[in-house]
Amino acid sequence: MSAPVCLIVNPTAAGGKAGRLAPAVERSLRAQGLIVRRVDTRDIQHARELGLAAAREGETVLALSGDGMVGVLADALREVPGARLGVLPGGRGNDLARVLGIPREPLAACAASRSYLPRPLDLGVVEDARAGQPGRAFVGVASAGFDSDCNRIANEAPAWLGSLAYAYSALRGLLSWKPARFTIELDPPGERYSFSGYSVIVANSPTYGGGMRIAPEALLDDGLLDVVAIERVGKLRFLANLPRVFKGTHVHMDNVKTFRAAAVEISADRPFTMYADGDPIGELPLRLRSAPAAVQLLVPVDAPPSGAFSGGAPSRQPAPASDSPGAAAAPKQSPARD
């Protein structure tokens, strides 16, 4: 990083850990010769305003927070062509930092920050299928169904649980879960797939929930979203196979269907809140689409090219941001009507 930096801190992230580390993080960045302006957020809207103002001033936005605020900032920055966003892990899950190979401790991530280079990042955008209003973007994973219950429980869990909150929420959510019927439409108007089961996951990034590789083949720069449908199985079998998600091998199970598309519409037979990057983002039915190369994301130079990007080293020149419709649908598995 060479441009002036706006360090945006969510002081309540990870039970206040981000706020406690913020002064040391600021000192570490300044010690590397960077011009740093630190601001703390009050709420989501305040974070949006801070990020947008910083990007318009030509500052690199560096988020010390969890994935939720990173998604909010990315949504704001896509309004400014060429805006740059960096991530310091300050939350519980820190899944985007994990995918990028950024050190899990914020001070270690700071020490490596001068070797980061910008790379175009796609975003997912969630739109209300009924209202047709402008949607909000997310960086990682959006999901609904059983995942809705798990996200709500995890967000209410005590801070001392840390990343264990996700396992705790899955166990608690499973006790009262009853299967729902979902309908997925790929690249509307397109093929439809209906099923009874647990969840629909729409992934811009492969990982969520503190390291669960829910969509192991998802890429951050391919202009597509990976869609994962978790069909109905017994609760004991579901629980027994839950550890497979951390390796991404669950996608080979017969009750898991995967697809890839530039856009998808999702509905269900009962109300569900969709969560994205761990925060509520809308009520089903919803339409989700890819926004290719929406912002410039700072990525470690030595991050494995075979990870969450389509390949090659990070560009040394920023590419223009865009919000184009994306590539044509490419289902990874033919929808089987139910």
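User: What are the ground rules here?
Analyst: The model is predicted, so local features need pLDDT of at least 70 and side-chain atom pairs count only at pLDDT 80 or more, while totals for chains, interfaces and linings use all residues. Residues are numbered from 1 along each chain as its sequence is written, and side-chain values use heavy atoms, with hydrogens and water left out.

User: How many salt bridges in the whole structure?
Analyst: The search finds 18. A salt bridge here is a side-chain nitrogen of Lys or Arg within 4 Å of a carboxyl oxygen of Asp or Glu.

User: What does R98 form a salt bridge with?
Analyst: D95. The closest N and O atoms are 3.8 Å apart. Both residues lie in helix 4 (residues 95-100), three residues apart, about one turn of the helix. Helices are DSSP runs of H or I with at least four residues, strands are runs of E with at least two, and both are numbered from the N terminus.

User: Is D95 buried or exposed?
Analyst: D95 counts as buried, at 5% relative accessibility. R98 is partly exposed at 28%. Buried means under 20% relative accessible area, exposed over 50%, partly exposed in between, with a 1.4 Å probe and protein chains only.

User: And R152, what's its partner?
Analyst: E156, with 3.9 Å between the closest N and O atoms. Both sit in helix 6 (residues 146-156), four residues apart, about one turn of the helix. R152 is partly exposed at 36%. E156 is exposed at 57%.

User: How far apart are the closest N and O atoms of E185 and R192?
Analyst: They are 3.2 Å apart, in a salt bridge. E185 is buried at 12%, and R192 is partly exposed at 41%.

User: Which residues are linked in a network of salt bridges?
Analyst: R48, R56, D75, R78 and E79.

User: Switching to rings. How many aromatic pairs?
Analyst: The count comes to ten. One of them joins F146 and W177: the centres are 5.7 Å apart and the planes at 75°, so the pair is edge-to-face. Rings of Phe, Tyr and Trp (its six-membered ring) pair if their centres lie within 6.5 Å; planes under 30 degrees apart count as stacked, over 60 as edge-to-face and the rest as tilted.

User: Which parts do F146 and W177 tie together?
Analyst: F146 lies in helix 6 and W177 in the loop between helix 7 (164-176) and strand 8 (180-186), so the pair ties together parts 31 residues apart in sequence. F146 is buried at 3%. W177 is buried too, at 4%.

User: What about F146 and Y198?
Analyst: That pair is edge-to-face: 5.9 Å centre to centre, 85° between the planes. Y198 is in strand 9 (residues 192-203) and F146 in helix 6, so the pair ties together parts 52 residues apart in sequence. Y198 is buried at 3%.

User: Which residues form the aromatic cluster?
Analyst: F146, W177, F182, Y193, F195, Y198, F238, F259 and F272 form one cluster.

User: What sits over the ring of W177?
Analyst: The charged end of R270, 5.0 Å from the ring centre. The test is NZ of Lys or CZ of Arg within 6 Å of the centre and within 35 degrees of the ring normal.

User: Last one. Where is P106?
Analyst: P106 is in helix 5 (residues 106-111). P106 counts as buried at 1%. Leaving aside neighbours within four places in sequence, P106 is in contact (heavy atoms within 4.5 Å) with L21, V25, L64, L88 and P89. P106 and A22 are 84 residues apart in sequence, yet 9.0 Å apart C-alpha to C-alpha.
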